[in-house]
Amino acid sequence: MIELEIYAAGIRDRDKILDLDHYFEALPGVRYKVDSNHDIVYIEADEPNFTVDEVKAAFEQIGLEAKVVGAVPLELQGDEREKTEQMF
């Protein structure tokens, strides 16, 4: 199982959550949970059928900036081999 945690300020907006749901619906074996109190999205996947760059692009399409919390699993790193982002 692959896990990814994303911080996205503004995800508590119901319309943003619905837009994000459309993105994750298209990915088989992917589950997610939104912690709207803390603007965090927890993503779990059975298989690495997406990259971090694709997830960030999905957030950008709905008007949010996604920041990865913690280390990016190797299976989800795109060609750029993204490093952990410092939030503050």
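1. Two residues are in contact when heavy atoms lie within 4.5 Å of each other. With that in mind, in this predicted model, 62% of the contacts between residues at least 6 apart in the sequence of the protein chain join residues at least 24 apart.

2. The protein chain holds 2 helices and 4 strands, and, read from the N terminus, these elements follow the order β-α-β-β-α-β. Of its 88 residues, 35% are buried, while carbon and sulfur atoms account for 47% of an accessible surface of about 5600 Å².

3. Side chains of opposite charge can pair when their charged atoms come close. The structure has 3 salt bridges, and the following points take them in turn.

4. Arg12 and Asp39 meet through their side chains in a salt bridge, with 2.9 Å from N to O. This pair links distant parts of the chain, since Arg12 sits in the loop between β1 (2–7) and α1 (14–25) and Asp39 in the loop between β2 (30–35) and β3 (40–45), 27 residues apart. Arg12 is partly exposed at a relative accessible area of 48%, whereas Asp39, at 7%, is buried.

5. Arg31 pairs with Glu44 in a salt bridge whose closest N and O atoms are 3.6 Å apart; Arg31 belongs to strand β2 and Glu44 to strand β3, 13 residues apart. Both count as partly exposed, Arg31 at 35% relative accessibility and Glu44 at 30%.

6. Arg31 also forms a salt bridge with Asp46, at 3.1 Å from N to O. Asp46 lies in the loop between β3 and α2 (52–61) and Arg31 in strand β2, so this pair ties together parts 15 residues apart in sequence. Asp46 is partly exposed, at 44%, and shared partners join Arg31, Glu44 and Asp46 into one network of salt bridges.

How values were computed
Residues are numbered from 1 along each chain as its sequence is written. This is a predicted model: local features need pLDDT of at least 70, side-chain atom pairs count only at pLDDT 80 or more; totals for chains, interfaces and linings use all residues. Side-chain values use heavy atoms; hydrogens and water are left out. Buried means under 20% relative accessible area, exposed over 50%, partly exposed in between (1.4 Å probe, protein chains only). Accessible areas come from the Shrake-Rupley method with a 1.4 Å probe; for residues, only the protein chains shown count as cover. A salt bridge is a side-chain nitrogen of Lys or Arg within 4 Å of a carboxyl oxygen of Asp or Glu.
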